[in-house]
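Hi,

Here is the structure I promised to pass on. Please have a look at it first, and then read on for what I found.

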Amino acid sequence: MPERDFFLQNVQNIARSLLGMQFVRIDGNGQRLSGRIVETEAYAGKHDPASHSHRGKTPRNAVMFKPGGHLYVYFTYGMHYCCNVVTGPEGEGEAVLIRALEPLEGLDIMIRQRYKKVAITPQQFKNLTNGPAKLCAAMGIDKNMNGMDLLTGECRIEAGIVIPDKDVIAASRIGIRQGADLLWRYYIRGNEWVSKRGEE
DNA sequence: CGTGAGATTTCCT
DNA sequence: GGAAATCTCACGT
């Protein structure tokens, strides 16, 4: 499991390094829910027009200004939660959005939390964690987990497999207008769980 | 399989 | 007032 220093690096380095690592949550019953991180996006501080922190601190984005290694969970489109790993020193307002996971442990619990039932179709299984709001639903992440420290909490990052540079694709971030020219979205080439794949 | 409407909070203009 | 770091469902192909 990474130390604090890992989360104080440059936000783009961390977004790329998180590919292949595991995002783990220990739920209220002590069950491990986990997935391999296969897609991320870097959001920088005040100079990144697409970042929530671009216009300064508000009640919603306050956690982004904590030191790296905290969890920033936001509510969006009136419906969904998305989760980020805060990066950089305190006050920078940088974070990495976790956009997609390849599910590894606790699949039955994830399926129940996302679909409220046990039996699902193959199409529903494909949609379990291939998007930022989908993986939050499956992992049971909501506003109660906003601000949690990943180094001590029930939610953490663990070492996984190493992804070589030739298998990392950098692309434009999804769902934004400002800053669309920056290639700050990273994903694993050919991975079936990536939300939107381009040329591979 | 593709397309389009709807759900409905937070923050900015 | 309206867009936003999204997803689901209905309906047509």
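This is a predicted model: local features need pLDDT of at least 70, side-chain atom pairs count only at pLDDT 80 or more; totals for chains, interfaces and linings use all residues.

Phe23 has Ile157 of strand 6 as its bridge partner. The pairing of Phe23 with Ile157 belongs to a set of four bridges that join strand 1 to strand 6 (residues 155–158), with the two strands antiparallel.

Strand 1 also pairs with strand 2 (residues 32–43), again in the antiparallel sense, and here there are five bridges. One of the residues involved is Arg25, whose bridge partner in strand 2 is Leu33. Five residues lie between the strands of this hairpin, and Gly30 there has a positive phi near 80°.

How enclosed is strand 1 by the rest of the structure? Largely, because four of its five residues (22–26) are buried, that is, under 20% relative accessible area.

Now to the DNA. Around DNA strand B you will find Arg55, Thr58, Pro59, Arg60, Phe75, Tyr77, Gly78 and Met79. By class, this surface has four nonpolar, two polar and two charged residues.

Which part of DNA strand B do the atoms within 4 Å of the protein belong to? Sugar or phosphate accounts for 82% of them, and bases for the rest. Arg60 uses its backbone instead, with an N or O atom 2.8 Å from a phosphate oxygen.

Best wishes

Methods. Residues are numbered from 1 along each chain as its sequence is written. Chains are lettered from A and ligands numbered from 1 in the order in which they are written. Side-chain values use heavy atoms; hydrogens and water are left out. Buried means under 20% relative accessible area, exposed over 50%, partly exposed in between (1.4 Å probe, protein chains only). Two strands pair if DSSP finds at least two bridges between them. A residue is near a molecule or strand if one of its heavy atoms lies within 4 Å of it. A polar contact is a pair of N or O atoms within 3.5 Å; within protein, one must be able to donate a hydrogen and the other to accept it, and residues adjacent in sequence count only if both atoms are side-chain atoms. Ala, Val, Leu, Ile, Met, Phe, Trp, Tyr, Cys and Pro count as nonpolar, Asp, Glu, Lys and Arg as charged, and the others, Gly among them, as polar.
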